[in-house]
Amino acid sequence: MNYSNNISTNIIRDDSKQIDYVVTPNTKEIFDRIFVNNFGANKSFSLIGNYGTGKSTFLWALEKNLNKEKLFFNSLDSGQEEVTGYDFIKIVGENSSLLDSLSKELKLKEGFDGSKLINALEKKRIKSSKKNKGLVLIADEFGKYLEHASNKKSTDELYLIQQISEWANDDSNKTYFIITLHQNFASYGKNLSNQDKLEW
């Protein structure tokens with residue numbers, strides 16, 4: 001079996017690759033915080049780190065672990081997990097709106113808006129739950145969406161992020177929303193007016 005030592009992992013392009021991933025105490029703690037020791041309703045997470053710190057590769061390993069392809073972190077078979085695996089919706093940031101990227105990924109017809117997108121996510125969640133699976137929405141390189149929203153001065157995009165988080169944070173569902181950033185959330189809103197910065 002060939003293992004890859006990519007300098008940069010792309011969660012979509014490298015989905016079927018075998019990557020020589022090294023688990024650290026920090027990455028194990030992050031996995032546990034999200035999936036094992038998370039007893040609250042918060043299931044929306046931001047992973048923040050500099051370029052090249054392994055955020056995308058962590059997401060790759062997280063998917064393999066949750067779907068029992070390879071145990072990198074913890075097995076969730078301790079009786080607390082009510083699902084047999086997870087379906088994933090994965091996007092990688094680009095210079096466009098989050099709404100456009102997710103609508104394209106979910107194959108929504110024209111005329112979509114934030115509420116239609118949330119409805120589509122909920123349909124996907126229900127479909128997964130009928131297979132006894134949870135649903136994880138991953139947006140890697142999320143800062144590109146925030147930069148786009150900031151440049152367009154779009155508070156609609158910010159509201160959409162809030163809607164997705166609220167959808168994921170329903171503690172009766174096995175849904176998670178995970179994004180990666182290179183800096184903290186507020187740093188991406190530096191081009192906004194003072195009023196819009198308060199929204200960020």
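Reader: Hey, how many salt bridges does the structure hold?

Author: Seven salt bridges. Keep in mind that this is a predicted model.

Reader: Okay, let's pick one. Which residue forms a salt bridge with D87?

Author: That's K131, and the closest N and O atoms of the two are 3.0 Å apart. The pair ties together distant parts of the chain: K131 is in the loop between α4 and β3, while D87 belongs to strand β2, 44 residues apart.

Reader: Is D87 buried or partly exposed?

Author: D87 counts as buried because its relative accessibility is 17%, and the cut-off for buried is under 20%. K131, at 45%, counts as partly exposed.

Reader: Which residues are linked with D87 in a network of salt bridges?

Author: K131 and K133 are linked with D87 in that network.

Reader: What about salt bridges in a helix? Where do K28 and D32 lie?

Author: Both sit in helix α1, four residues apart, which is about one turn of the helix.

Reader: Switching topic. How many helices and strands does the chain have?

Author: Seven helices and four strands. Going from the N terminus, the order is α-β-α-β-α-α-β-α-α-β-α.

Reader: What share of the residues count as buried?

Author: 48% of the 200 residues. As for the surface, the chain exposes about 11,000 Å², and carbon and sulfur atoms supply 47% of that.

Reader: How much of the contacts comes from residues 24 or more positions apart?

Author: They account for 71% of the contacts with a separation of 6 or more.

Reader: Nice. Now the aromatics: how many aromatic pairs are there?

Author: A search of the whole structure turns up twelve. One of them is F35 with Y176: the ring centres are 4.6 Å apart and the planes are at 55 degrees, so the pair is tilted. It links distant parts of the chain, with F35 in helix α1 and Y176 in strand β4, 141 residues apart.

Reader: Are those two buried or exposed?

Author: F35 and Y176 are both buried.

Reader: Which residue lies over the face of Y176?

Author: K43 does, at 5.7 Å from the ring centre.

Reader: And which residues do ring pairs link into a cluster?

Author: Y21, F31, F35, F58, W60, F72, F73, Y86 and Y176.

Reader: Tell me about F58. Where is its place?

Author: F58 is in helix α2, which covers residues 55–66. It is buried, with a relative accessible area of 3%.

Reader: What is F58 in contact with?

Author: Leaving out neighbours within four places in sequence, F58 is in contact with Y21, T27, I30, F31, L47 and F73. T27 is 31 residues away from F58 in sequence, yet the two are 7.3 Å apart, C-alpha to C-alpha.

Reader: What about helix α3, which residues are buried there?

Author: L98, L99, S101, L102 and S103. What covers them includes β2, α4, β3, α5 and α6. Just after α3, K107 takes a positive phi of about 60 degrees.

Reader: Last one: which element has the lowest mean pLDDT?

Author: Helix α7, residues 194–199, at 55, while strand β3 has the highest, at 95. The mean for the chain is 84, and 86% of its residues reach 70 or more. Where pLDDT is low, the predicted coordinates should not be read in detail.

Key. Residues are numbered from 1 along each chain as its sequence is written. This is a predicted model: local features need pLDDT of at least 70, side-chain atom pairs count only at pLDDT 80 or more; totals for chains, interfaces and linings use all residues. Side-chain values use heavy atoms; hydrogens and water are left out. Helices (H or I, at least four residues) and strands (E, at least two) are DSSP runs, numbered from the N terminus. Buried means under 20% relative accessible area, exposed over 50%, partly exposed in between (1.4 Å probe, protein chains only). Contact means heavy atoms within 4.5 Å. Accessible areas come from the Shrake-Rupley method with a 1.4 Å probe; for residues, only the protein chains shown count as cover. Rings of Phe, Tyr and Trp (its six-membered ring) pair if their centres lie within 6.5 Å; planes under 30 degrees apart count as stacked, over 60 as edge-to-face and the rest as tilted. A charge sits over a ring if NZ of Lys or CZ of Arg is within 6 Å of the ring centre and within 35 degrees of the ring normal. pLDDT is the predictor's confidence in each residue, from 0 to 100. A salt bridge is a side-chain nitrogen of Lys or Arg within 4 Å of a carboxyl oxygen of Asp or Glu.
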